[in-house]
Amino acid sequence: MVRNIAKHKYIYLFIIVLSIIGFTSGYLFYTFQNEETKTKIIDEINIKEELNNSFNNFSKRTKEIGIVFISGILIIPEITNIFKIYYNPFEIGFIFNALKTYNIKFSLLYSLIYHIIPFIFILILIRLSFSISINIIKIIINKRKNIKFKRKLRILLKKYILISLIILFYEFLIFIFSGSINSYLMTIL
C-alpha cells in the first residue's frame, strides 16, 4: 500500500491539492454571498424535510462509477474526472458551510456520511482510471503483445471493480440505516 502511494505520489498530490482548492472555493463561495442569497439557499436546502426522507444514492453512485470508468477507458474524456476532483469538493465545501448555520457538529457529520466518504472512494476510482488510461496508452503504443501491460491492466480492473463494490455496499448500508442516521442528525439539529 505504502509502496503504491509512493509510486503514484504525484497523482495523489495533484488530487489532494485540487480537492483542497475545490473545497476552499466552495466554502468561500457561500461565505461571500449576501445575506438574502444565503437565506434563499438555506430555504431551498430545507434540511429538516430532507432528513425525513430516506437517502437512496445507489443509482447516482452506480452512474458515477460508470462515468469514471468509461472516461478512463476512452482516455480523452479523462478531463471530466479531473473536473470531478475539483467540483465534488467545491460542492462539499459549499454544503458544509451552508449547513454550518444550523450547527457545526451537524454539518460535519452530515457532510462526512453523505458526501465525504463516498467522495474518497470516488477519488480512489479516479486514480485507478488514470492508471487504466496510462496502461491502455502503453498497450496501444507498444504494438507487440506485451503480457506485462495486459496483466497490469487486468489487476487494475479487478481493483476498480472491488472499490466499486465497496462504494455500492456503503450506499446500500446508508440506505438501510438512513432512518437511524437521520433521526440522530435531527437530535443534533
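Reader: Is Tyr 160 buried or exposed?

Author: Buried means under 20% relative accessible area. Tyr 160 has 4% relative accessibility, so Tyr 160 counts as buried. Keep in mind that this is a predicted model.

Reader: Where does Tyr 160 lie, and which residues is Tyr 160 in contact with?

Author: Tyr 160 lies in helix 8. Set aside neighbours within four places in sequence. Tyr 160 is then in contact with Ile 65, Val 68, Phe 69, Leu 125, Leu 128 and Ile 132. Sequence distance and spatial distance are separate things to read. Tyr 160 and Ser 129 are 31 residues apart in sequence, yet their C-alpha atoms are 8.0 Å apart in space.

Reader: How should I read a nonpolar core?

Author: Start with the general idea. In soluble globular proteins, nonpolar side chains tend to be buried together. Now this case. The largest nonpolar core has 23 residues. Ile 65, Ile 85, Leu 125, Tyr 160 and Ile 167 have the most contacts inside it.

Reader: Which elements give two or more residues to this core?

Author: They are helix 2 (9-31), helix 5, helix 6 (78-99), helix 7 and helix 8 (147-188). Helix 7 gives the most, with 10 residues.

Reader: What does Leu 125 touch?

Author: Again, leave out residues up to four places away in sequence. Leu 125 touches Ile 65, Val 68, Tyr 160, Ile 163, Ser 164 and Ile 167. There is also a second, separate core of 12 residues. Among its members are Ile 113, Tyr 170, Ile 181 and Ile 188.

Reader: At what angle do helix 5 and helix 7 pack?

Author: Angles under 35 degrees count as roughly parallel. Helix 5 (residues 58-74) and helix 7 (residues 104-141) pack at about 20°, with axes 8 Å apart. They are therefore roughly parallel to each other. Their crossing is right-handed. Helix 5 brings residues including Ile 65, Val 68 and Phe 69 to the contact, and helix 7 brings residues including Leu 125, Ser 129 and Ile 132. By class, this contact has 11 nonpolar, four polar and two charged residues.

Reader: How do the axes of helix 5 and helix 6 cross?

Author: They cross at roughly 135° and come within 7 Å. Helix 5 and helix 6 are therefore oblique to each other. The contact is made by Glu 64, Ile 67, Val 68, Ser 71 and Gly 72 of helix 5, with Glu 78, Thr 80, Asn 81, Lys 84 and Asn 88 of helix 6.

Reader: How many residues of that contact are nonpolar, polar and charged?

Author: Two are nonpolar, five polar and three charged.

Key: Residues are numbered from 1 along each chain as its sequence is written. This is a predicted model: local features need pLDDT of at least 70, side-chain atom pairs count only at pLDDT 80 or more; totals for chains, interfaces and linings use all residues. Side-chain values use heavy atoms; hydrogens and water are left out. Axes are lines fitted to C-alpha atoms, for helices over the stretch in contact, and angles run from 0 to 180 degrees between N-to-C directions. Helices (H or I, at least four residues) and strands (E, at least two) are DSSP runs, numbered from the N terminus. Angles under 35 degrees count as roughly parallel, over 145 as roughly antiparallel, 65 to 115 as roughly perpendicular and the rest as oblique. A crossing is left-handed if the near helix is turned anticlockwise from the far one by less than a right angle, and right-handed if clockwise. Contact means heavy atoms within 4.5 Å. Ala, Val, Leu, Ile, Met, Phe, Trp, Tyr, Cys and Pro count as nonpolar, Asp, Glu, Lys and Arg as charged, and the others, Gly among them, as polar. A nonpolar core is a set of buried Ala, Val, Leu, Ile, Met, Phe, Trp, Tyr and Cys residues joined through side-chain atoms within 4.5 Å. Buried means under 20% relative accessible area, exposed over 50%, partly exposed in between (1.4 Å probe, protein chains only).
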